[in-house]
Number of protein chains: 2
Amino acid sequence: MATGNPNLPTLLPIDGVKIATVSAGIKTPGRRDLVVFELADGCSVAGVFTKNRFCAAPVLVSKEHLSKEQTKYLVVNTGNANAGTGEQGMKDARATCSAVAECYGVTPEAVLPFSTGVIGENLPMDRLLSAIPATKEALSDDGWVAAASGIMTTDTRPKGASVSFEYQGHTIKLTGISKGSGMIQPNMATMLGYVATDANIDASVLQTLLSDTTTKSFNRITVDSDTSTNDSCVLVATGRSSAPKIESSQDKLYQIFKEKLQDVMRALAHAIIRDGEGATKFVTIQVDSALSSEEALEVAFTVAHSPLVKTALFASDPNWGRILAAVGRAKIEPFDLNKLEIYLDDVCIVRNGGRAAEYTEEAGQAVMNQEDILIRINMASGDASETVWTSDLSHDYVTINAEYRT
Amino acid sequence: MATGNPNLPTLLPIDGVKIATVSAGIKTPGRRDLVVFELADGCSVAGVFTKNRFCAAPVLVSKEHLSKEQTKYLVVNTGNANAGTGEQGMKDARATCSAVAECYGVTPEAVLPFSTGVIGENLPMDRLLSAIPATKEALSDDGWVAAASGIMTTDTRPKGASVSFEYQGHTIKLTGISKGSGMIQPNMATMLGYVATDANIDASVLQTLLSDTTTKSFNRITVDSDTSTNDSCVLVATGRSSAPKIESSQDKLYQIFKEKLQDVMRALAHAIIRDGEGATKFVTIQVDSALSSEEALEVAFTVAHSPLVKTALFASDPNWGRILAAVGRAKIEPFDLNKLEIYLDDVCIVRNGGRAAEYTEEAGQAVMNQEDILIRINMASGDASETVWTSDLSHDYVTINAEYRT
């Protein structure tokens with residue numbers, strides 16, 4: 001199951017980025033499961049990674065290489081996460097980088113490795129390494145669509161977003177792809193996300209842009225509260241656009257670019273929720289007038305993770321008592337229960353500590369029957385707001401996770 | 001679904017407690033859904049209640065009455081939780097107390113009200129009040145079994161525990177019943193629990209005994225992480241046993257009694273997990289050698305709440321990568337990943353940051369095929385230990401909660 005438009009939008013090529021997607025047969029013979037990105041000279045590269053303490057080996061190696069040398073290649077495999085694999089996992093991640101480095105004539109530190117799939121099994125290095133040379137011929141300016149499919153695991157559809165805008169007569173393009181469907185409560189980044197722009201952006205500014213926009217996109221979604229060991233998101237700026245270079249957050253173009261980047265990041269994050277395991281609903285949980293951003297997030301995630309709220313959403317049941325009970329157990333400072341209001345879209349369901357006087361079951365039911373649902377919670381205690389996005393808990397979620405070995 | 005022995009054990013009568021279970025037809029016509037406990041003069045009574053901020057009206061009234069006057073009667077209805085019902089809910093809870101008080105010739109403050117069932121609908125007061133007089137004739141010393149069924153909602157079986165022991169030639173009896181199956185992560189108490197003893201115990205000591213034993217029983221279980229608005233547990237000491245009075249925690253009998261009480265409380269809490277909504281597994285999660293009790297609990301509950309761990313348990317899949325990922329996202333201080341060990345029963349699955357060298361899929365599978373499973377996590381960082389109990393996440397959980405209006 002999944003919600004919303006199943007089709008990938010047009011993904012604009014980004015001058016300075018070439019992509020190859022080939023088959024290494026890591027989990028399924030013939031599947032195109034190995035992706036290589038080639039970045040032209042002069043690119044700026046930034047990355048954010050999972051905060052799960054059990055980082056997968058490729059995450060540890062990517063962080064190390066990113067801090068050491070100018071990145072020239074990204075190599076991504078699906079079918080095997082190379083996580084929980086101890087020393088052998090580190091050796092395999094490094095061997096993958098060395099093979100790419102040898103193939104393309106760069107140092108291993110210029111290569112960032114990424115893996116996603118089954119946890120706890122060693123990478124089939126023979127198959128993986130022997131597939132790398134084939135990427136050289138396959139490199140293409142127009143490889144985004146194939147790569148979006150190449151990085152999928154339990155995803156039912158590829159995910160991508162692309163925008164193009166004008167600044168003082170110069171065109172700037174942004175294209176990104178993402179993957180992820182379960183084990184989704186990213187903390188710092190999503191499962192995997194790759195975003196590139198032809199804007200010219202100083203590397204230090206690029207990291208801030210990526211961190212800021214990740215916070216309001218991938219770090220605000222949850223399918224099942226489980227943070228992956230492999231979450232990674234990379235942002236590349238090739239500098240091939242004729243637009244002026246962004247060297248600091250004071251530059252006029254900075255805010256304009258940041259908004260466009262936020263749009264792309266949010267679209268990629270939403271695509272993961274729309275394809276959340278077993279999802280039949282796309283749910284926005286907006287908490288307004290909270291004492292602090294932390295409080296708003298605690299309330300929003302407590303509601304988003306409640307199995308009882310999620311099964312009620314699956315049943316299209318306007319069971320506001322479950323939302324109320326979830327808000328009531330959030331770990332926040334005491335607040336005035338009688339001022340709190342809860343809405344389903346524009347329908348007020350809770351006011352004065354109980355069911356709103358004007359509420360009717362019909363009005364609540366009408367909202368719950370929709371595929372996209374907004375749960376809005378007004379804490380009436382401050383001026384902080386936060387929004388998170390989630391999916392429902394369906395039979396398909398249980399089926400998928402009782403049958404799939406992550 | 002449920003796990004373990006479906007039969008209620010023998011429930012010993014407690015001298016000084018009479019119980020009536022009658023039909024008020026609150027949700028289902030003819031169902032025996034109204035229970036009244038009559039406590040003899042001289043009983044000590046203690047209570048613990050939900051920490052959900054949206055306390056149901058009966059919880060608020062019970063707390064108020066317990067602090068004001070010697071409790072003589074408990075009145076419990078199922079089918080309607082009288083929660084999220086605002087001012088009308090408070091009026092209805094008070095009117096219920098007044099009706100019981102009038103029937104039995106006591107003050108309304110001597111009555112504690114309890115409700116469980118659908119949230120957000122007003123109590124059908126006409127039906128409830130007209131059923132109260134019938135409780136008078138139905139009162140019986142031997143009413144525990146009927147009451148255990150009377151307080152059920154989505155429970156598939158009644159829950160009770162009873163022990164009797166000798167102290168210096170005197171017999172002391174303890175009997176308790178509980179209910180609960182979903183919306184279970186009690187915080188301070190379970191859905192509903194009623195425990196009585198004929199021991200003679202000072203009221204102040206009784207509250208400590210109840211709080212301490214609740215902490216290690218009802219506050220250590222979780223079905224779905226959702227804390228109910230109506231959780232309440234009451235402990236009554238009638239003092240009819242000839243054993244010496246317990247007046248302080250220094251008394252010799254105090255520790256002996258406390259252990260027996262802990263046994264009964266734990267049995268009642270475990271019964272709720274065994275009857276957890278859709279449960280096919282009874283899972284013990286034991287965290288050893290943690291820095292602190294708080295840290296051990298954070299790790300244990302993070303694993304217990306992980307939908308991916310719970311669906312793997314449902315599938316009898318020894319998917320240790322999901323347990324590892326859950327431990328890795330627990331909000332605790334940094335620890336040495338290489339020293340951590342994870343066991344399924346006695347089978348070591350994780351060591352040195354990855355799969356244990358001696359682990360075999362067959363050994364893991366053999367444990368996962370069992371109905372009762374122990375997940376043991378050795379943090380190797382301190383000397384604190386904690387244990388929590390949970391159930392798995394099955395199709396039946398989704399079915400029950402997508403169809404039942406709590």
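User: What should I know before we start?

Analyst: This is a predicted model, where local features need pLDDT of at least 70, side-chain atom pairs count only at pLDDT 80 or more, and totals for chains, interfaces and linings use all residues. Residues are numbered from 1 along each chain as its sequence is written, chains are lettered from A and ligands numbered from 1 in the order in which they are written, and side-chain values use heavy atoms, with hydrogens and water left out.

User: Why is A:Thr78 called buried?

Analyst: Buried means under 20% relative accessible area, exposed means over 50%, and partly exposed is in between (1.4 Å probe, protein chains only). A:Thr78 has 2%, so it counts as buried. You'll find A:Thr78 in strand β4 (residues 73-80) of chain A, where helices (H or I, at least four residues) and strands (E, at least two) are DSSP runs, numbered from the N terminus.

User: And what does A:Thr78 touch?

Analyst: Contact means heavy atoms within 4.5 Å. Not counting residues up to four places away in sequence, A:Thr78 touches several residues, including A:Ile26, A:Asp33 and A:Met152.

User: What makes B:Leu139 buried?

Analyst: Its relative accessibility is 18%, so B:Leu139 gets the buried label. B:Leu139 is in the loop between α4 (134-138) and α5 (144-150) of chain B. Neighbours within four places in sequence aside, its contacts include B:Val36 and B:Tyr104.

User: How do you know that A:Glu341 and A:Arg351 form a salt bridge?

Analyst: A salt bridge needs a side-chain nitrogen of Lys or Arg within 4 Å of a carboxyl oxygen of Asp or Glu. For A:Glu341 and A:Arg351 the N to O distance is 3.1 Å, so the pair passes. A:Glu341 is in strand β12 (residues 341-344) and A:Arg351 in strand β13 (residues 347-351) of chain A, ten residues apart. A:Arg351 also meets A:Glu358 in a salt bridge, at 2.9 Å.

User: Why is A:Arg351 called partly exposed, while A:Glu341 is called buried?

Analyst: A:Arg351 has 26% relative accessibility, so it counts as partly exposed. A:Glu341 has 18%, so it counts as buried. A:Glu358, at 46%, is partly exposed.

User: How many salt bridges are there over all chains?

Analyst: The search of the whole structure finds 26. One of the pairs that meet in a salt bridge is B:Lys159 with B:Asp155, at 2.7 Å, and both of these residues are buried. Elsewhere, A:Glu64, A:Lys68 and A:Arg94 are linked in a network of salt bridges.

User: What do chain A and chain B bury between them?

Analyst: They bury about 4600 Å², with 57% of it on carbon and sulfur atoms. Buried area is the accessible area (1.4 Å probe) that two parts lose on being put together, summed over both. In residues, 56 of chain A are in contact with 56 of chain B.
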